[in-house]
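Subject: Handing over the structure

Hi,

Here is the structure I said I would pass on. Have a look at it first, and my notes follow below.

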Amino acid sequence: DLSSSRSALISLSSAVGGRTLLWNTSNINPCSWSGVMCKNDAVVGLHLPGFSLSGKIPNGVFKNLTSLKTLSLRYNLLSGNLPSDLGSCSELRNVYLQENEFDGEIPEFFSQLRNLVRLNLASNNFSGQVPVSLKNLTRLKTLYLQDNNLSGVLPELKLELDQFNVSNNRFNGSIPVSLSSMPVTAFQGNKLCGKPLQICPGIAAGTGILTGDERKKKKGLSGGAIAGIVIGAVVAFALILMIIVFICGKKKTKKSSAVDLASINKQLGYDVPEEKPVGDTESGGGLGGGYSVSAAAAAAMATNGSAKLDEVGGGVNKKLVFFGHGVGGRLFDLEELLRASAEVLGKGTFGTAYKAVLEMGTVVAVKRLKDVILEEKEFKEKIEVVGAMDHEYLVPLRAYYFSRDEKLLVFDYMPTGSLSAFLHGNKGAGRTPLNWELRSSIALGVARGITYLHSQGPNFSHGNIKSSNVLLTKTYEPRVSDFGLAQLVGPSSTPNRVSGYRAPEVIDSRKISQKADVYSFGVLLLELLTGKAPTHALLNEEGVDLPRWVQSVVKDDWASEVFDLELLRYQHAEEEMVHLLQLAVDCAAQYPDTRPSMLEVTNQIEKLCSTSSREASDPNSTSFADADEVSSH
Ligand SMILES: Nc1ncnc2c1ncn2[C@@H]1O[C@H](COP(=O)(O)OP(=O)(O)OP(=O)(O)O)[C@@H](O)[C@H]1O
């Protein structure tokens, strides 16, 4: 009953401390305490991830919490053995104990928790063997044991697991057949062999698989082993050869990208002297990346006047066509653009993007389009529509250039890079963490930008919404880029790789409906909340996309289990996070008709952001403890 659960939680709190010390224990109803979830007057969930808990969990806590369905104590500093009375929580479905310092063996009692679906014991100090009795857990879908000190042979559990990982332990022997379809990464960092890793030495074809123990008994090298070693040596040699070839190949491609802008000059009719790879010369513009146009090429261009330009494209006077007032109020000509020192920013679906630093320090991003199949007139019409878009949260297209051989687009340069790089790039020291306020304001800005595009008419859509197309200003304000480009290029350039953002109904990526944009935006929101890239290798190996992964976790668990680790410390905002998560899931609905419109989405995010800023500025809710109580309902 609730009162015994209450005293159990109080004894837990006094043993492990952390943020459970903020529990208002004078309140006789523990269901209002942060992280405690109740249903029908029973505690069914205990969610204390990243709560700064430390020390040992005393015995006797869990025998008074037998209705628990979910136990999440991940990312704490809990140590010692798991208390044996945890085995009495027979309703448990989800157990998240990863990233602690628990030690001892994996208790046998887990095998009595017949409802277990997810068991995550990763990144602890567990040792000993994996109990064979886990095979009784017929509902188990997730078994994560990586980064422990477990040893021995992996037992044949014969479970239908979706997620499995035992990497970085001390297991040996052969991998059981029922686990052979798991990815290689699930087993790395052990002394294991057999599918999906290399075949175990000493197995003659058809003789079946030996366990580690059996193999130890076999002395000497069998014919198979010798053959294995020989084949291994040959393969290793071939690999080294391939790596050498690959590295040489890479060097070459670097060289060619180094003079990309110079080669544009050539095509435009300039006399470009023999190119020198910039990596070898001094990069004149002083750009760290060093992909500058060689100084000699620039000099040659400077002496060649715009007369030469007239010859390109059949005598039509080709120049940069500007929209509005140029970049930072400055207009420049093609020559100046081509003279600029340039640095490759990256290759995208529609071509390569460069950063170009012009005279007087003006910086622009230039996109060199490939595979444009449109005639000039049609291209002009379409690009003028893009150029006419004018909104705070869009990256403005400043100018374009069209000739038979070259199509260039000039945008404002965004110094902080893309949201994608920020979310998934370097997470090390020196990086500004993306806190909840930043993430929600980025979500709002992007939503406003897309809503603006959609408001131009029913046929207006972005067509390629993803986190690498959300660029950030110095103050981390978002700017949506790349809108309308999918319509300019031929089918070969349309993003056909499984991107994770594309709505299921989309067949032709040049024709993306507004509702398909909404889907992509939903995936982008999920990415912001979970910190997981929709193209995340782990997700893909499991054949699950981000929306389905989130839905499965939310359905049989608590929504907050999906949030990015970095967001865990903003628990005062959990209610808003859960709201945004729900909105994201709605956007990424399977059927277009059930998705909200971008305008509705923007309105909802606006509401959500205004509540959180109101709370933050409300003097009555400044105390962390109070804020916490509010969010736990
Ligand atoms: N205006 C800009 N300012 C700063 N960086 C930019 C700008 N435009 C693009 N980039 C960066 O250049 C790189 C390549 O961009 P690009 O848009 O060509 O490809 P993408 O976004 O990866 O894919 P796609 O072509 O499908 O949109 C990206 O990393 C992007 O962050």
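Before the strands, a word on pairing: two strands count as paired if DSSP finds at least two bridges between them. Helices (H or I, at least four residues) and strands (E, at least two) are DSSP runs, numbered from the N terminus. With that in hand, take R368: its bridge partner in β20 is L408.

Two things about the model itself. It is predicted, so local features need pLDDT of at least 70 and side-chain atom pairs count only at pLDDT 80 or more, while totals for chains, interfaces and linings use all residues. Residues are numbered from 1 along each chain as its sequence is written.

Now the sheet. Six strands make up an open sheet with antiparallel pairing, in the order β15-β19-β20-β18-β17-β16. Its edge strands are β15 (321-322) and β16, each of which pairs on one side only. In general, strands of a sheet pair through backbone hydrogen bonds, either parallel or antiparallel.

β20 has two neighbours to look at. It pairs with β18 in the antiparallel sense over five bridges, and β19 and β20 also pair antiparallel over five bridges. L408 turns up again here, as the bridge partner of Y401 in β20. β19 and β20 form a hairpin, with four residues between them. β20 is also mostly covered, as five of its six residues are buried; buried means that 20 or more other C-beta atoms lie within 10 Å of a residue's own, exposed means 12 or fewer, and partly exposed is in between, with C-beta atoms placed from the backbone.

Over at β16, seven bridges join this strand to β17 (residues 351-357), and the two run antiparallel. A342 stands opposite A356 in β17.

Next, the ligand. Which residues come nearest to the ligand? Of the 22 around it, they are L345, G346, G348, T349 and A365 (a residue is near a molecule or strand if its C-beta atom, placed from the backbone, lies within 6 Å of it). The elements giving two or more residues to this shell are β16 (341-348), β18 (363-369) and β20 (407-412). β16 provides the largest share, three residues. By class, the shell has ten nonpolar, nine polar and three charged residues. Here Ala, Val, Leu, Ile, Met, Phe, Trp, Tyr, Cys and Pro count as nonpolar, Asp, Glu, Lys and Arg as charged, and the others, Gly among them, as polar.

α8 (residues 376-388) has 13 residues and spans 18 Å from its first C-alpha to its last, close to the 18 Å expected at 1.5 Å a residue (the expected span is 1.5 Å times one less than the number of residues). Its buried residues are I383, V386 and G387. They sit on the same side of α8 because they cover an arc of only 95° around the axis, the arc being that of the directions from the helix axis to the C-beta atoms. These residues pack against β19 (397-402), where contact means C-beta atoms, placed from the backbone, within 7 Å. The face turned away from the buried side carries the exposed K377, E381 and A388.

In α1 (residues 2-16), the buried residues are S5, R6, A8, L9, L12, S13 and V16. They fall within an arc of 165° seen down the axis, so they line one face of the helix. S3, S4 and S14 are exposed on the other side. After α1 comes G17, whose phi is positive, near 60°.

Cheers

Terms used. Two residues are in contact if their C-beta atoms, placed from the backbone, lie within 7 Å.
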